[in-house]
Amino acid sequence: MNIKWKIISLVMMLIMASCITFTFLIISQDKKNLQAETEREVSSIKAIVELLEKEKYQGYQRRIHTIATSNVAIHDGLIASFAAKDRNTLLKKSNAIFKVLKQENPYFSALAWITADNKSFLRVHNPQAKVGDDISKMRPDIVRANKLLVPISGYQVAKTGLFYRLIHPIKYAGKHVGAIQFGIETTLLLDSIHEKLDLPIAIVMTNSAAKFVSKTTTPKWQDKNYTLFSNQLNLFNSNIVSLDWSSEQQRITNAGNSYRLIRVFDFKNFANEPQGSLFVALDTTIREKKLSQNLLLISLISAAVLIFSFIVLNKNYGKLVGTIEALNDKLQKQNSDLETTVNQRTASLQQSEERFKKLSELTFEGIVLHRQGVALDVNESMINLFGYQRDELIGNNLIELLVFTEDQQIVHSNINAPKSVAYEVRMRKKDGTIIPVEIESKNVEDENSNYRVTAIRNISERKQVERKYEILVQEASMGIALAVAETGEIVECNDALTKMVKRDREELIGQHQSILHPKEPLTENLSSSFIQHRDGSPSTLIRKQLITKLGELLEVEIRAQKIEYNGVDMMFGLFQDITEQLKLEEQLRQKYKMEAIGVMAGGIAHNFNNSLALVLGNLEMAERKFSELEKVKTYIENAKIATMRARDLVNQIMTYSRQGENKEVTISLAIVVAETQKLIQSTLPTTIQFNFDTTDEAAETMVNADLGRIQEALLNLCNNAVQAMNEKGTLSVCLKKVNLTQNDLPAQYQKCTPGQYIMLSINDTGCGIDQDILSRIFDPFFTTKGIHEGTGMGLASVQGIIEQHNGLIKVSSVPEQGTTFELYFPALESELTIAKSNEEIVIQQGTESILFVDDDQMILDLGKQMLIDLGYQVTTATSGQEALTMITQATTRFDLIITDQTMPFMTGEELAQQIRTLNSEVPIILSTGYSSKVGENDIEKYRISAYCRKPLRLAELSQSIRSLLDK
């Protein structure tokens, strides 16, 4: 073969290689595009299937929960009939529910009731089915629901195929009586998927699961391991033997078409165990044909290029040879020019070396030219820095001579670094002095040799300054951190920050700043607060949360700004822990809230007591008029008792609002608790163990206390404890003397002072209180109980009682372990006094003249009738002005005046002051349901003769009148 054909063959081979490479790249990219497109479609299909599955079945979870737990009357009757094993009533009530569910969804196929011992009681969809058969072996899901008393859901294999089962345990009168079950055909989901996607679908099960399916009408195919159910079975016939059903995705062909067989969903039972898988066939025929067409087209183009190239080369060979010779001449000329250039540059390099030597002598840095640490030359600053002569340095390994032994490895690891990177080591001067230096090096290469230029700077002064700043930073009480502005990498932090987040310094340095911020959104891999400080105002103060190593959240205030450090933009951040500050703020807010609620409670008391006054007065009058009718009298007496209980509720509200009246005596809390213990034990279930313990010191110590209020608080807390223990556990009441310091006193109890206190603690072994609601338990009307189970005033009342006694209350609780309330009362040094109970009051009558004043006409009419019934002569007035006019006309006309306090234009207290200017002797009784200005303590101040709180019993009112008139 002559030279011509050799050259043409070589060029053709190069062109062919280029065409093959081009073809390979194009086809590879097409395949990647096809795969990416398929993956996107697969993800979309899976998302649609999961959405349909939730849409079709999750609503039934709410439906079955409602049937199992609702208090609606029809459901109560339903559950009651199940608990009573009344099958006929249960069938009648259940059948109505089943028909509604079946009408809503034709695929709803089963509603059944199972007893607590896992026996079939009623199949509503098949009432003739056997009753009492044990289904525990074939239905582990029902066993689990009855055992753990939790709702169960999942897919279950049945005779007709896969079913979605929901089972909910049933409680009646606090006792587990069995479970209710829903069953929905999986066909509901399959039809929805087919309608939504219009793709061939199939369900595949293991043979061990599919053997239970005996009545399905869906075509199926079976091999030694798997069974396939599909209405498009012909699609899989030609591939079914070779298919791998454990694969997520595989390619199949049928009738000349290509498909991707994709597993989009696993049907899992209650234990999260697969019962079968759903596969869809995605048609990729068109896309794969397009790929083949592209391959053919590129192949044809490549062949055309080869043919055209051969023709061109063969025809223009002579021109090509001439061009090559011209290029050869040009190359020889360029070689000659290059040799001349090298010679010129060599001379220039020698001149540059001379200039470098002169320049290096002018810098204050030590400059070394070396190979692997062996000095080739040094400048004058290097000699002055270390105190050696030039000949003592040149030719020696300066790493071994000058670098501190422990730092030599650092130099070795950087000596061949391609980039110039500054680093710090310690070096030793000739006199033995150790100095910190900064080293920066760079390789210098030429055609004859290569060496490294190293600059050495003495940074002793800089280190001293840095050390001063380091001491200031480490001693600071605030957390401090330094992070790279661009990446967020933490490069420095102080001890205060490590203590704050409970991590070692090594756990923070090198970490991303987001390690400190829980659940904060990231932008460009940086937290939002970091970006806000970096790109915003440097004076911005942001309140955020930090997370500790233990997962605890801290409230902090962060102030940060961008600074430049060693030529790099850094973020310098200050972190102030404000967790305790927020707690104190919350306690202060709680105090203000309690005061506000107190005002509201007073308004409630006023209106409520006015209404009670009408009820009680009318009842007593009716009782007097119908005293001969025993039944009527009994009913009225019961109504009076209910009214007095309502009055006690008002007193409870007033106690909480700190407006109620205190009747304090000096007494030992041990006596109060001992008396209350009898009442507590008489009402406690026998399943609760009651313990009472007191120390001798506590029993001998006195406190100023209202016996009734203390009993009320203790009963409230004990009742709450019984409910928390579900009437089973241990209730412990303990009394002891303690000493409280200023640190022991919560901020909201500002009246409390350090000193000796009697602590009354109530501990139960109940369910405990969640930490997220612990701060709210003393809020009025806050309760976790259901409707009709509690008002939310119990603990609020206890709070009011404790504050009235200048005491404080603490609570600690652990969920599922129990709760402890600690009530602290200031201790005294005093002898024991026992409060005496009130004696029965007898109704007293008279004939004197009385003026009765009230702005409420109904109360006015009732009061008048009551007083007339007692024998008095009664005149009424609807306002203070009207009453004052009557008294002005005849100052001695009335023997006694009864006036309401809260009236428009002129209050009862103002009326009393006006009356005193006209008649200083007439007795005045001030009566009200509530007043924020006047109470029993104001009787002497406003020269009022007596103070009565609404509603008063007739006997109490009659005695108050007689005690004043008989003086």
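**Group meeting: a walk through a predicted model**

The protein exposes about 53,200 Å², and carbon and sulfur atoms supply 52% of that area. The protein has 967 residues, and buried residues make up 42% of them. In terms of secondary structure, there are 27 helices and 35 strands. Take the contacts between residues at least 6 apart in sequence: 59% of these join residues at least 24 apart.

Next, confidence. The mean pLDDT of the protein is 80, and 81% of the residues reach 70 or more. Over residues 787-792 the pLDDT stays under 50, and the model has eight contacts for them beyond four places in sequence. Residues 831-839 also have a pLDDT below 50, with 12 contacts in the model beyond near neighbours in sequence. Where pLDDT is low, the predicted coordinates should not be read in detail.

In what order do its five strands lie? The order is 25-27-28-30-29, in an open sheet with mixed pairing. At the edges are strand 25, residues 688-694, and strand 29, residues 808-814, each of which pairs on one side only. On average, neighbouring strands of this sheet are turned by 15° against each other, direction ignored.

Look at one pair inside that sheet. Strand 27, residues 729-740, and strand 28, residues 755-764, run antiparallel and are joined by 10 bridges. To find one of these partners on screen, go to leucine 740: its bridge partner in strand 28 is glycine 755. Then find helix 22, residues 707-724, which lies across strand 25, strand 27, strand 28 and strand 30. The helix runs at about 30° to strand 28.

Another helix to look at is helix 17, residues 528-535. Which of its residues are buried? They are Ser529, Phe530, Ile531, His533 and Arg534. These buried residues pack against several strands, among them strand 17 (479-484), strand 21 (541-547), strand 22 (553-565) and strand 23 (568-577).

I will finish with two single residues. The first topic is histidine 176, in strand 5, which spans residues 175-185. Is histidine 176 buried or exposed? Its relative accessibility is 19%, and buried means under 20%, so histidine 176 counts as buried. What does its side chain meet? A polar contact of 2.9 Å joins it to the side chain of asparagine 146. Leaving aside neighbours within four places in sequence, histidine 176 is in contact with Ala116, Asn146, Leu149, Pro169, Ile170 and Lys171. Asparagine 146 and isoleucine 170 therefore turn up again in that list of contacts.

The other residue is valine 42, found in helix 1, residues 3-69. With a relative accessible area of 5%, valine 42 is buried. Not counting residues up to four places away in sequence, valine 42 touches Gln249 and Ile262. How far is the C-alpha atom of valine 42 from that of valine 280? The separation is 9.6 Å, although the two valines are 238 residues apart along the chain.

Conventions: Residues are numbered from 1 along each chain as its sequence is written. Side-chain values use heavy atoms; hydrogens and water are left out. Two strands pair if DSSP finds at least two bridges between them. Helices (H or I, at least four residues) and strands (E, at least two) are DSSP runs, numbered from the N terminus. Axes are lines fitted to C-alpha atoms, for helices over the stretch in contact, and angles run from 0 to 180 degrees between N-to-C directions. Contact means heavy atoms within 4.5 Å. Buried means under 20% relative accessible area, exposed over 50%, partly exposed in between (1.4 Å probe, protein chains only). A polar contact is a pair of N or O atoms within 3.5 Å; within protein, one must be able to donate a hydrogen and the other to accept it, and residues adjacent in sequence count only if both atoms are side-chain atoms. pLDDT is the predictor's confidence in each residue, from 0 to 100. Accessible areas come from the Shrake-Rupley method with a 1.4 Å probe; for residues, only the protein chains shown count as cover.
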